[in-house]
Amino acid sequence: MIAGACFCQEVKYELSAESQMQGLCYCTDCQVVGGSSHWTSYVVAPADFHLLAGSMTAYTYDPGSGREVTRHFCGTCGTQIMVQSDALGVASVNAMTFDDSSAFKPEIAYFGDSAPKWCEVDQRLTAFGDAE
């Protein structure tokens with residue numbers, strides 16, 4: 001079982017299943033929201049995410065795919081905890097909020113073509129979502 005929390009420790013959660021996939025997302029939405037070159041995506045089914053303490057603020061929008069996603073943040077410190085897509089049946093949890101981040105082992109580079117020019121995408125990761 002993986003446990004995690006936001007920066008201020010108000011929001012605490014557990015994951016009750018292993019990830020379906022793990023990767024780094026370089027889409028521009030993740031860059032802007034996260035303030036970094038990528039998002040650390042640990043994907044589970046939404047039912048496997050269990051909020052133990054605190055509450056999260058939600059922001060729902062269409063990123064241009066035609067499928068809404070909801071980003072969940074700590075309402076106190078602003079840490080983004082997860083991104084959920086009901087249409088795809090997935091919750092992408094921020095692996096850097098894990099109590100033990102060594103549980104995160106990225107295998108995929110999502111939208112690596114969108115990475116900032118100064119960022120080197122690890123070529124050992126399987127590319128997903130890039131232009132052919």
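Modeller: The account below starts with the residue and ends with the pocket. This is a predicted model, where local features need pLDDT of at least 70 and side-chain atom pairs count only at pLDDT 80 or more, while totals for chains, interfaces and linings use all residues. Numbering starts from 1 along each chain as its sequence is written, and side-chain values use heavy atoms, without hydrogens or water.

Thr97 sits in the loop between β9 (90-94) and β10 (108-110); strands are DSSP runs of E with at least two residues, helices runs of H or I with at least four, numbered from the N terminus. The relative accessible area of Thr97 is 6%, so the residue is buried (under 20%, with a 1.4 Å probe and protein chains only).

Beyond neighbours within four places in sequence, Thr97 is in contact (heavy atoms within 4.5 Å) with Gly4, Ala5, Tyr13, Thr79, Gln80 and Ile81. With Tyr13 there is also a polar contact between the two side chains, at 2.6 Å (N or O atoms within 3.5 Å, one able to donate a hydrogen and the other to accept it).

Thr79 and Gln80, both in contact with Thr97, also line the second largest pocket. A pocket is an open set of points on a 1 Å grid where a 1.4 Å probe fits, with protein on both sides within 12 Å along at least five of seven lines; lining residues have an atom within 4 Å of a point. At least two lining residues come from each of α1 and β4.

How values were computed:
Buried < 20%, exposed > 50% of the residue type's maximum accessible area, 1.4 Å probe, protein only.
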